Amino acid sequence: MPKPKVDYSLYLVTDSTPAVLKDPSKFFEIVRESLRGGVTLVQLREKTADTGEFIKTARKLHEITQEYNVPLLINDRVDVALAVGCEGVHIGQDDMELKTARQLLGDDKIIGMTVSSIDEALKACEDGADYLGIGTVYATPTKTNTKSIIGAAGVREILAAMDHAGYYEKVKTVCIGGLNKANIPRILYQSQHFGDKSWTLALDGVAVVSAIMSADDPKEASKELLELVNSWPKYR
Ligand code: TZP
Ligand code: MG
């Protein structure tokens with residue numbers, strides 16, 4: 001099966017901890033609503049579940065994402081992705097090496113990696129990442145153990161370095177961290193503009209956790225976020 005073509009525009013990263021998800025019984029319903037609202041990619045991010053529970057949740061979630069033809073990626077756990085047969089994984093700097101994950105998953109699966117510096121970004125590109133999750137853009141209560149808050153300037157620098165090294169066309173990019181409807185237009189703008197200079201480089205999308213998982217109406221929230229992203233001129 002060839003690697004699915006991925007639309008990175010609005011990427012939902014799940015979180016089932018009480019700080020983000022008020023009512024845990026609503027987990028699947030919230031993801032379904034977000035898909036109905038237009039989420040284009042989903043990552044299951046479970047930091048506390050044991051392996052059996054993680055696989056069960058992933059199987060059920062995959063059934064739902066498949067109904068909407070949206071790829072499901074698994075955070076950290078290549079074994080869970082393989083067990084479930086979903087579309088790929090998202091790994092961080094402290095997880096399995098990207099090259100090893102690629103060996104285990106093969107070329108047809110999607111592999112994304114979190115990066116917060118130019119060096120990390122170029123290494124991930126070199127090692128065969130399909131996309132980079134660039135961040136943490138803004139400080140967020142959802143993830144407090146973040147190495148660095150890089151802001152719009154950090155995102156711009158990474159995009160520019162990827163372009164310089166010849167990876168910009170090949171490796172897709174989203175940014176993550178503290179993003180919501182109020183600041184998404186700003187980060188999309190600022191990652192393309194600096195002073196009176198504008199770049200022909202653009203992110204492929206944005207990734208959010210709480211802006212959807214904690215929303216009163218996740219479908220409406222997703223719709224609104226997708227409209228914001230889609231209203232942004234893309235130069236790719
Ligand atoms: N990686 C960097 S920040 C973050 C992750 C998983 C959490 C983002 O959560 P939110 O609620 O969208 O700020
Ligand atoms: Mg990780």
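Predicted model: local features only at pLDDT ≥ 70, side-chain atom pairs only at ≥ 80, totals over all residues.
Figure 1. Met 113 stands opposite Leu 132, a residue of S6. Four bridges hold S5 and strand S6 (residues 131–134) together in the parallel sense. Between these two strands the chain passes through helix H5 (residues 118–126), and the β-α-β crossover formed in this way is right-handed.

**Figure 2. Surroundings of Leu 132.** Leaving aside residues up to four places away in sequence, Leu 132 touches residues that include Met 113 and Val 115. Among its other contacts are Ala 121, Ala 124 and Cys 125. Leu 132 also touches Met 162 and a run of residues made up of Val 171, Lys 172, Thr 173 and Val 174. The largest nonpolar core comprises 76 residues, and Leu 132 is one of those with the most contacts inside it. In soluble globular proteins, nonpolar side chains tend to be buried together.

**Figure 3. Strand S5 and its pairing with S4.** Strand S5 (residues 110–115) is largely enclosed by the rest of the structure, because five of its six residues are buried, that is, under 20% relative accessible area. S4 and S5 run parallel and are joined by four bridges. Val 89 has Ile 111 as its bridge partner in S5, and Gly 88 stands opposite Ile 110 in S5. The chain gets from S4 to S5 by way of H4, in a β-α-β crossover that is right-handed.

Figure 4. Eight strands close into a barrel with parallel pairing, in the order S1-S2-S3-S4-S5-S6-S7-S10. From one strand to the next, the twist averages 25°. Helix H2 (residues 51–67) lies across strand S2 (41–44) and S3. Relative to S3, helix H2 runs at about 160°.

**Figure 5. The magnesium site.** Asp 76 (OD) and Asp 95 (OD) coordinate the magnesium ion (ligand 2) at 1.9 to 2.2 Å. Asp 76 lies in the loop between strand S3 (72–75) and helix H3 (78–84), and Asp 95 in the loop between strand S4 (88–91) and helix H4 (98–105), so the pair ties together parts that are 19 residues apart in sequence. Asp 76 has a relative accessibility of 22% and therefore counts as partly exposed. Asp 95, with a relative accessible area of 27%, is partly exposed.

Methods: Residues numbered from 1 in each chain as written. Chains lettered and ligands numbered in written order. Heavy atoms only, no water. Donors = N, O, S within 2.8 Å, 3.2 Å for Na, K, Ca; no water. Buried < 20%, exposed > 50% of the residue type's maximum accessible area, 1.4 Å probe, protein only. Pairing = 2+ DSSP bridges. Right-handed = clockwise from strand over helix to strand, strands pointing away. Core = buried A, V, L, I, M, F, W, Y, C linked by side-chain atoms within 4.5 Å. Contact = heavy atoms within 4.5 Å. Axes fitted to C-alpha atoms, helices over the stretch in contact; angles between N-to-C directions.
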